Amino acid sequence: MTEERQSGLWDRPGAMIRPNDHPVPHTGGWRMGKKPAVTLSQCVNCLLCWQFCPDSSVVIEGTTFSGFDYNFCKGCEICSAVCPTQAVVMVDEETPVDRWGRIQEVQSL
Ligand code: SF4
Ligand code: SF4
């Protein structure tokens, strides 16, 4: 019997959530056909998309915008709506982009 069971914690209603003790669900599977894609040359690194993304799916390296993590992006379009330079557009799920949703890198291959 574990220490927690002995202490009676497991007999209480509700759930116990402990950091780093559970798998992180890839909620990107909930997207409904559209995903964000970015043209980096149009990005001015304002990070508004990062601030407003409700799923922490905007990837930054240090303080520089880098793209999107499709494992968690739900395609809500907020990043596209707040981007002041239209660097972010919503595209069909099948549209080829690199793993971070960057359009330029694919076109230059
Ligand atoms: S579409 Fe929504 S969830 Fe996906 S990166 Fe943009 S703001 Fe975040
Ligand atoms: S909102 Fe647009 S311009 Fe600002 S960091 Fe995001 S992609 Fe770049």
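I count two strands as paired if DSSP finds at least two bridges between them. Helices (H or I, at least four residues) and strands (E, at least two) are DSSP runs, numbered from the N terminus.

**Entry 1: the model**

I am working from a predicted model, in which local features need pLDDT of at least 70, side-chain atom pairs count only at pLDDT 80 or more, and totals for chains, interfaces and linings use all residues. Residues are numbered from 1 along each chain as its sequence is written, and chains are lettered from A and ligands numbered from 1 in the order in which they are written.

**Entry 2: layout**

I looked up the secondary structure and found four helices and four strands. Along the sequence they follow the pattern α-β-α-β-β-α-β-α.

For burial I use C-beta atoms placed from the backbone: a residue is buried if 20 or more other C-beta atoms lie within 10 Å of its own, exposed if 12 or fewer, and partly exposed in between. By that count, 20% of the 109 residues are buried.

Two residues are in contact if their C-beta atoms, placed from the backbone, lie within 7 Å. Among contacts between residues at least 6 apart in sequence, 69% join residues at least 24 apart.

**Entry 3: strand pairs**

I checked β1 (residues 34-38) against β4 (residues 88-92), and they pair in the antiparallel sense over five bridges. Val-38 has Val-88 in β4 as its bridge partner. Four of the five residues of β1 are buried.

The other pair I looked up is β2 (residues 58-61) with β3 (residues 64-68), antiparallel and joined by four bridges. Val-58 stands opposite Phe-68 in β3. The two strands form a hairpin with two residues between them, and Gly-62 in the turn has a positive phi of about 70°.

**Entry 4: nonpolar core**

A nonpolar core here is a set of buried Ala, Val, Leu, Ile, Met, Phe, Trp, Tyr and Cys residues joined through C-beta atoms within 7 Å. The largest such core has 16 residues, of which Val-38, Cys-49, Val-58, Cys-79, Cys-83, Ala-87 and Val-88 touch the most other members. β1 and β3 each supply at least two residues of this core. In soluble globular proteins, nonpolar side chains tend to be buried together.

Val-58, in strand β2, counts as buried because it has 26 C-beta neighbours inside 10 Å. Beyond four places in sequence, Val-58 is in contact with Cys-49, Trp-50, Cys-53, Phe-65, Phe-68 and Cys-79. Its C-alpha atom is separated by 10.0 Å from that of Pro-36, 22 residues apart along the chain. Cys-79, not counting residues up to four places away, touches Pro-36, Cys-49, Phe-52, Cys-53, Val-58 and Val-88.

**Entry 5: the two ligands**

A residue is near a ligand if its C-beta atom, placed from the backbone, lies within 6 Å of it. I sort residues by type: Ala, Val, Leu, Ile, Met, Phe, Trp, Tyr, Cys and Pro count as nonpolar, Asp, Glu, Lys and Arg as charged, and the others, Gly among them, as polar.

Ligand 1 has 13 residues around it, and Cys-53, Cys-73, Cys-76, Ile-78 and Cys-79 come nearest. Its shell divides into eight nonpolar, two polar and three charged residues.

Ligand 2 has 14 residues around it, with Cys-43, Cys-46, Cys-49, Phe-65 and Cys-83 coming nearest. Its shell holds 12 nonpolar, two polar and no charged residues.

I followed up Cys-46, which is in the loop between β1 and α2 (48-52). Cys-46 is partly exposed, because 14 other C-beta atoms lie within 10 Å. Its C-alpha atom is separated by 8.5 Å from that of Pro-84, 38 residues apart along the chain.

**Entry 6: loop residues**

Gly-28 lies in the loop between α1 (3-7) and β1. With 17 other C-beta atoms within 10 Å, Gly-28 is partly exposed. Leaving aside neighbours within four places, its contacts are Tyr-70, Asn-71, Phe-72, Cys-73 and Lys-74. Most residues other than glycine have a negative phi. Glu-77 has a positive phi near 80° and sits in the loop between β3 and α3 (78-82). Glu-77 is partly exposed, with 14 other C-beta atoms within 10 Å. Gln-86 is not a glycine either, and its phi is positive, about 60°. Gln-86 is in the loop between α3 and β4, and counts as exposed because 9 other C-beta atoms lie within 10 Å.
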